[in-house]
Amino acid sequence: MAEADAAGEDDVGRDTSNQIHDGVYFGSVLQGRNVSLQLPAPVTPALSGLPPASTTFIGRDSHLEALLQGLAPGRQRQQAVLVASVAGLAGIGKTELVVQTTARALKKPGWFPGGVLFVDMFGYDTKRRLSPAQALRGLLHALGIPDEHIPEELQDRSRLYRSALAEFARQKCRILVVIDNASSSEQVDPLLPTDGTTAVLLTSRHTLDVGARLHDLDILDEHASVELLRNALFEARGAADTRVSDAPEDAALIARLCAGLPLALRIAAALLSDTPRRPLADLSRALSDVQHRLDHLTRESRAVRAALDLSYEQLSQAQARMFRLVALNPGPDLSTAAAAHGAAADESHTERLLLELTRAHLVEPGAVWGRWGLHDLVRVYASERAAKELTTPDDVRRLLRHYLERATQAEGYVVNLMEPTPHGFPDRSHAVAWMDAERENLFAAAALAETTRHHDIARDLPLAMESYFSMHGYIEEWRANAALAIRAAHALDDERGAAQAGVSLSDALRALNAHDEAISESRKAADIFRGLGDQSGEGMALRALASALSYADQHEESLRMSEQAIPLLQRGSNRHIAAVALMDYGANLISLERHNEAIDALRKSLAVLSQTSKSVKALALLNLAEGLNGAGRRAEATRCFQECVACALEAGGPWETDIAAKASVFLGNLFSEDEQPVQAILYFRQGADLFKQIGDDSSAAAAFRALGATLLDLGENPGEVNDSGPTATTHEGHYEQAADALFEAITLTRRAAENRPDEDKPKLADLLMNYSTPLVHLGRCDEAQAAAQEALATLRQLAEGDPHTHQKNLARALGNLAWILSQDSAKLGAALKVSTEAVDIATGLVRNSPAEHSELLRVTVELKAGLLGELAQASIYKIAHATMARAKGELSPTVLEREIGLTPSEIAAGTAWLDAYYRSQECSQQPGESAESDDGSSK
């Protein structure tokens, strides 16, 4: 070895030579005790194969940093192979990321002095795919090994290649090997170094098992996608191309339609570059056509479809069928169970196929294990394949039947039925979780059933989802599904089915406050059932009609419909729905203040509902408690509300939580009216938290407002706390809690006001005024002033659009701000000015409506008078002193302002007070008396 080393040092630059001592040859295999490999001089061809790095590369900083960290030299290596494998969907930008990483690594001093070897394996192109032996021949050539020294056998080539890389590493000429576009571990394994120093970057559409550090590449986010478009157009057309900046919404839409896939985005940018006058809106319109989107994402030799074709052609027959079946699912993702039903296979086999497709990056695992989805463009491609390679109608029907059967089973759990006992899920939480996970699939499945003419499923599936949509607040989906069910029933000439769907549609329209339409649909359904002689069906339709009439404030007519519906339903077999109708009847009686009749009806309905549904029982308790309260039976009402809260919370679910929240607020009001503030606070807080939990911002804000008002009152009157209750905190503590509660209400109302400004902005202004009160008591006057000024600005803005409606609140807001300003003696003048405007507005309101606004005028006038008094106190002594020094006639506002330093408002207040004082003194003196002091001096 010493001899060989010396020869290598002396003859740098000569051809490669091998010296073998004491060796034995066995054909093409050689064995020897001493084998010396002399490397050629550093060879530049190793760098020549690296593709150029794009100047528009973006959005991969974290991946780039991670790959560079793995390439850094001098790190302790725990394994012989140092490989980083980048995997991802076709066109996701794997090669570009690796090229960018390599370019940066080569610029790092001392990282890769030997250069880089790059080989494209064409692993997914059956015509150009390289075998490992072919790849090794090219790599050995790049290393400077002459063709005559390259062995024929794969194993020998691999040994020579690894030996060469190891020798480069030993001579501190470390090389980076880049293996691009490999399709299998077998294609890669012979190319991996074994010296523990040479680094490898590998790309594949599959996650390969080669002992590598895995890096899965995802799509670009919308911002990075838009920037890629911008940069690509700038590169092609220069700064004059401002289309992305000029039409940012169209650029964002193109980015979304390309689904963050760099290949698609670059094709889109190239299409725009070809025709610089083409608006982005035109391309976005073209790409919006789903059926032809992949046709548009084609330019010269680049095409998204062609890239995906190469991946698809690698699939086995079973994998390809599963890939097409995943595309048949109408929603955003599907479960393993749903895929298994569609494929008529067991779940274990189905999961194995889905995992293989995931490894090929054609299927994406969902956020929750056991769910699978497709990239948007891959879904378009898979749908095209499914259309070409016919998927049988049975596959679609099996999938739709699966959704119908499971939704039907879940329905009983959703309404917490105890009679009949539901089955199919371990418990209610599992059933509701299934419905939550499958909601979008179920909605889309009904539409797919209609378009594929599975009308029986399109009719039945919406009705199986009715309770879930209703109780979880998906009202618009409910309406659309019910309308779809009616169409499907008509397609089947099924009058009864159309009437059943019509009842569902009526209830959905009523929930959307479309009362006239709801009444029409339920009347239509009742007529159909009556014509069919179906009394139970007619009773259900009349119940829906009664409910719609009640919500439309037609209570008398609603009662008549209920009185017809209840006997019909009670003669049927479903006593649960009959009890629901009776409960609705009782609730309507409460609206008419017929409380005793309501209590009787509600008690009867509760007796049945207690045995049929925990959830609806909670609603019956809420209605009964309202009836008892309306009848003046407060103690019974309180107990009933408390039972309602317990029942609803035990049942669980957002619908039941809403019931518990309403009952809690009712209890807060009852205890507040009974002057039990501690109990009231507990229930207001509970109601607010429950409303917030289910996302009802408006109701939560109202509950927090009631909580804040109660705490504020307790702060101002701390002695009201019952001694038998919890130990009272200081009134400052109550003010702190009041401020916190009102701030929470403000935060929630701001959020609601974004969607309903006309309804919620007045509430926001009122809350801001209320919020300022505890802040003043806490000495946080600057915050109080800011809140009051925001309230005033909000009301001024509202008053511009509707002066008549908001004038009263505007006067209140001005008075509130004046009160806050008056807390600082230096701001009394500003406070007086604000209060004067409040008086002017109140005076105008009184002229038009004296009875309604006289109290407002009284309050604003008293506030202004009080401010005048405070200003007088601050200036009267100075004015009086000036009066003693000068004759009264010599004093003027100008003199007082210049010589005494008083403001005009202080002068006005002081002189007004003094004039009144002098007049009162003159009126109180008897004729002939002199105004002298005790010591005889003039007063």
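In this predicted model, aspartate 274 is partly exposed, with a relative accessible area of 39%. Its side chain forms a salt bridge with arginine 299, in which the closest N and O atoms are 2.8 Å apart. Because aspartate 274 belongs to helix H11 (residues 262–274) and arginine 299 to strand E8 (residues 298–299), the pair ties together parts that are 25 residues apart in sequence.

**Further salt bridges**
- The structure holds 58 salt bridges.
- Arginine 796 and glutamate 837 meet through their side chains in a salt bridge of 3.0 Å, N to O.
- Arginine 796 lies in helix H37 (residues 781–801) and glutamate 837 in helix H39 (residues 828–848), so this pair ties together parts that are 41 residues apart in sequence.
- Arginine 796 is partly exposed at 34% relative accessibility, and glutamate 837 is partly exposed at 29%.
- Arginine 756 forms a salt bridge with glutamate 759, with the closest N and O atoms 3.6 Å apart.
- Arginine 756 is partly exposed at 32% relative accessible area, as is glutamate 759 at 41%.

**Negative surface patch**
- A patch of negative charge on the surface gathers Asp216, Asp218, Glu364 and Asp376.
- Aspartate 376 lies in helix H18 (residues 376–388) and is partly exposed, with a relative accessible area of 45%.

**Cysteines**
- With a cut-off of 2.5 Å between cysteine sulfur atoms, the count of disulfides is zero.
- Cysteine 173 is partly exposed at 21% relative accessibility, and cysteine 781 is partly exposed at 25%.

Methods
Residues numbered from 1 in each chain as written. Predicted model: local features only at pLDDT ≥ 70, side-chain atom pairs only at ≥ 80, totals over all residues. Heavy atoms only, no water. Patch = residues over 30% accessible without salt bridge, like charges linked within 9 Å, V, L, I, M, F, W, Y side chains within 5 Å. Areas by Shrake-Rupley, 256 points an atom, 1.4 Å probe, with all protein chains shown as cover. Salt bridge = Lys/Arg side-chain N within 4 Å of Asp/Glu carboxyl O. Lys, Arg positive; Asp, Glu negative; His and termini not counted. Charge placed at Lys NZ, Arg CZ, Asp CG, Glu CD. Helix = DSSP H or I, 4+ residues; strand = E, 2+ residues; numbered from the N terminus. Buried < 20%, exposed > 50% of the residue type's maximum accessible area, 1.4 Å probe, protein only.
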